[in-house]
Amino acid sequence: MLPLHRLAQSQSAPTSKYEKFASWLRSRLATRILSVALIVLFLLFWLFPPFPRYDSVPLSEIFKRPSAGAHYAQDSTEAPPSRVPAAVWHSRAQSVKESFIHAYHGYEAAAFGWDELLPVTNKSTTNFNGWGVTIVDSLSTMLLMDLKDEYTRALAHVSKIAIKIMCTGTIPFFETVIRYLGGLLSAYALSGDAILLTKADELAQTLLPVFDSPKGMPHFGYDPSTGFKAPSWASHALLAEMASCQLEYKYLAHLTGRAEYFQKVDRMMDLMQNSQRADGLWSTYWDITSGTQVNTHLSIGALADSGYEYLLKQYLLTGKSEKRLLDMYLKAVRGVLEKLTFLSSTRDLLYITDTKDGVPEHRLEHLSCFFGGLLALGVETVDLPQQDADLHRWAAEGLTTTCWMTYAETQSGLGPEEAQFKVTFDRLHPLKWMDTVRAWENAGREGGVPPGVKAPQLILGESRSGHRDYYLRSPGYYLRPETVESIYIMWKVTKDEIWRERGWGIYRAIEKHCKTEFGYGTVPSVQYKRTGIADSMPSYFLAETLKYLYLLFSEEDRVPLDKWVFNTEAHPLPVFHWKNSEKALYGIHQ
Ligand SMILES: *[C@@H]1O[C@H](CO)[C@@H](O)[C@H](O)[C@H]1NC(C)=O
């Protein structure tokens, strides 16, 4: 450090070039010159943005029909749209199949056997155990698309995977279960190829040590070569991690007769049943030793999502026999609708957000956009109490509409990772949705549906983005499926073609902005062509996004919702019924 008297000296008599420059910088003239230069620069950037903007025309073409759906835009005076002929839907489904082939052949050419393709540089990456996650995650999509040659090549690879020997360090439990185990089991159910069941059994067995903890809660991951069990997030288990393996392990218990597969994963349901909060929700972090909840963060997004999803889906998969799961689900949904669901400030858009210490964040995650579809699935497949059924149906429609709007209103037609809803102080907004539902009921249920259900006007164009009731907090599109997933279920359940049209718009935006020479890549900003396409093609794009789009446009129903249950990676598993012997052996709760 410079002694103070030396500092004083150097200020009074500048000697070096640097000191002269520094003293000039401190002068009043310099301040003026710099401020003027800054203003000029700012004006130049404003007038001539350095990154090109998307032309605004194609979007209005893509989303020609913002609110023409007959049954929810009830006060719309627009004529209902002319129906798109079946042959056109068939050809649209074929386009999605071509997209899958483009992505998968790109992966085969440059990355076959590695985990994922890098779609910009035509290289490969090893990020999920090194067993070829794209291959296993793609199996069920290939089978549904009748891609026989690709499937044959993929099956040859799967039969060669040596699970314990080939893996690269710690196996992450959650991702491995939903992508690999779910992928193998679904392909087994669709094809009957025995090797898939053999591999699934081997994988499930290899992973069992993750449950070695005092309360049987799963660790983050496990390394079979060293026996090391990796805790995640400083010895906390995440709600999504502990409660998103039950579909896979229970189905496998049914196929193999191994009681431990059922018992280890059903212990998490005991824990959750015993600790469901009065409001129906669960915390995101759990202490792995005591099996208790340790934070006050409530969410149906990143850390929690499929934990809620698997309650309803287990109930459906196992033939509606495990009644406690339906009770937990209904209670949880009441909590989500009561505490986490809001109406936006100016257009009454319905959205879901997290709360921390009871304070809502007003941030809608793309990951939460599965929720509308889940609610619609419940309404369609379960005989719900009337009041729940109405609420679920309205919320499904409102939430899925909002998620779609976050796509429809951007320049690219792609949706952001996170939208931040604005908080205004002039009205009482943001309002809790359930408060507005009760007010609407007390006022005589005007209009047939409560606020937040009908599609509001789109606000298109970049220049008008300030008029929207949200901004893009995290502007990337990561090829995620949740919005098209909900759109697919909404289409199945309502038969309203507007959902197919909306999905078609999203598909076209993906084709336009994510496609590379070698595959498809994520987009760092849905608003500007600032950074082009990023070098990542997650396997879930082939497992989920393209599968849901394909099924949305297909005329044929290969996976009826009452016969198949999609795991959280979009791998369909067939509904089955527990035999009495299984009920007795496994100790199944009725
Ligand atoms: C992409 O990579 C593969 C495998 O390295 C190579 O065979 C192929 O020629 C590459 N494609 C291009 C266009 O460079």
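T568 counts as buried, at 15% relative accessibility, where buried means under 20% relative accessible area, exposed over 50% and partly exposed in between (1.4 Å probe, protein chains only). This is a predicted model, in which local features need pLDDT of at least 70 and side-chain atom pairs count only at pLDDT 80 or more, while totals for chains, interfaces and linings use all residues. Residues are numbered from 1 along each chain as its sequence is written, and side-chain values use heavy atoms, with hydrogens and water left out.

- T568 lies in the loop between β17 (564-566) and β18 (572-574); helices (H or I, at least four residues) and strands (E, at least two) are DSSP runs, numbered from the N terminus.
- The UniProt annotation "binding site", from an unreviewed entry, covers T568; UniProt positions are given in the numbering used here, feature names are shortened, and annotations may be inferred rather than shown by experiment.
- Not counting residues up to four places away in sequence, T568 touches I178, S306, E309, Y310 and E544, a contact being heavy atoms within 4.5 Å.
- The side chains of T568 and E309 make a polar contact (2.9 Å). That term means a pair of N or O atoms within 3.5 Å; within protein, one must be able to donate a hydrogen and the other to accept it, and residues adjacent in sequence count only if both atoms are side-chain atoms.

**Disulfide and other cysteines**

- The structure holds 1 disulfide, defined as a pair of cysteine sulfur atoms within 2.5 Å.
- C369 and C403 form this link, with an S to S distance of 2.0 Å.
- The pair links distant parts of the chain, 34 residues apart: C369 is in the loop between β13 (363-365) and α16 (371-381), and C403 is in helix α17 (residues 386-408).
- The link of C369 and C403 is left-handed, with -90° about the S-S bond.
- Both C369 and C403 are buried.
- C245 is buried at a relative accessible area of 1%, and C514 is buried at 0%.

**T402 in helix α17**

- T402 is in helix α17 and is buried, with a relative accessible area of 2%.
- Leaving aside neighbours within four places in sequence, T402 is in contact with L349, L350, L364 and F421.
- The C-alpha atoms of T402 and I352 are separated by 9.8 Å, the two residues being 50 residues apart along the chain.

**Whole chain**

- The chain has 22 helices and 18 strands.
- Of its 590 residues, 58% count as buried.
- Among contacts between residues at least 6 apart in sequence, 74% join residues at least 24 apart.
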